[in-house]
Amino acid sequence: MPALPVSEVFGPTIQGEGPYAGRSAWFVRLGGCNLSCSWCDSAYTWDAQRFDLRREIPMTPVEEVLAQVPSSSLVVVTGGEPLLHQNRPAWRALCNGLRARRCTLHVETNGTIVPNETTRGCVQTFVVSPKLANAGVHRGNIDPALRTGWVEVAESGNAHLKVVCASTDDVAGALEIARTTGWPLSQVWVMPEGTTAQELNGRWRAIADAAAHAGINATHRLHILAWQDCRGH
Ligand code: SF4
């Protein structure tokens, strides 16, 4: 039975951020990440220094994951970095299983791994979050920059850029990524950094203003407003 490292499967909840904010959704959170953002809100999926990963991300049969997700639902596969697993047979089994259940599949990714043909064929929407300097230096000094192959995915219309911003300078940084790659501005989102309503609201006005002036989209983090930073939402 193919298996993947799974941190959690949860729902029903709402997608809290990005182009589908407010939509009813189920989440499948996979383990492992190739980056190590200083403000990561799901470090339990990858940080072996602070968490017992054997307990946090057990290898879980794909059938067990699929059994928890209702048919015809919007399923967001997130992480960690889910595309680390895209060459595994279990990834294909997950994608095919969701399709057989008539689910809509969205993937949230950090943009350092370009989706392969299998992945592109199964995923309706990618939300791609390249990391700016505000995420700090990553372990192994891995370059967090957006990989060039994503632009072709964006041109096909099923990829949105979503950039975490701590300041208006970061909004300019997001715009710069979009301009240099040719990413359509209608598919670019900026989002305040923070895991509390206070932090998010403290940054929201400036970031929304800067986005509006730049002609790009802005998103809050609605799940934090509703449930704080609780796992399972
Ligand atoms: S890319 Fe995402 S999951 Fe990985 S460390 Fe950064 S915020 Fe966390």
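Leaving aside residues up to four places away in sequence, which residues does C37 touch? They are W46, K131, A135 and H138. Keep in mind that this is a predicted model.

Let me place C37 first. C37 sits in the loop that runs between strand 2, residues 24-30, and helix 1, residues 53-56. Its relative accessible area is 10%, and buried means under 20%, so C37 counts as buried.

Now the annotation. In the UniProt record, an unreviewed entry, "binding site" covers C33, C37 and C40. In the model, C33, C37 and C40 are included in the lining of the largest pocket.

C40 is in the loop between strand 2 and helix 1.

On to the ligand. The ligand sits in the largest pocket. Around the ligand we find C33, L35, S36, C37, W39, C40, S42, W46, G80, N110 and K131. By type, this shell has six nonpolar residues, four polar ones and one charged one. So the annotated cysteines C33, C37 and C40 are listed around the ligand, because each has a heavy atom within 4 Å of the ligand. W46 and K131 are also listed around the ligand, and both are touched by C37.

S42 is placed in the loop between strand 2 and helix 1, and with a relative accessible area of 5% it is buried. Not counting residues up to four places away in sequence, S42 touches R29, G79 and G80. Of these contacts, G80 is listed around the ligand, as is S42.

Last, a cysteine in a helix. C95 lies in helix 3, residues 89-100. Its relative accessibility is 3%, so C95 counts as buried. What does C95 touch, not counting residues up to four places away in sequence? The contacts are L105 and C122. For a distance along this part of the chain, C95 and V77 are 18 residues apart, and their C-alpha atoms are separated by 9.9 Å.

Conventions
Residues numbered from 1 in each chain as written. Predicted model: local features only at pLDDT ≥ 70, side-chain atom pairs only at ≥ 80, totals over all residues. Heavy atoms only, no water. UniProt positions renumbered as here; feature names shortened; annotations may be inferred. 1 Å grid on protein atoms, 1.4 Å probe; cavity = no way out; pocket = protein on both sides within 12 Å on 5 of 7 lines; lining within 4 Å. Helix = DSSP H or I, 4+ residues; strand = E, 2+ residues; numbered from the N terminus. Buried < 20%, exposed > 50% of the residue type's maximum accessible area, 1.4 Å probe, protein only. Contact = heavy atoms within 4.5 Å. Sits in = over half its atoms within 2 Å of the grid points. Nonpolar A, V, L, I, M, F, W, Y, C, P; charged D, E, K, R; others polar.
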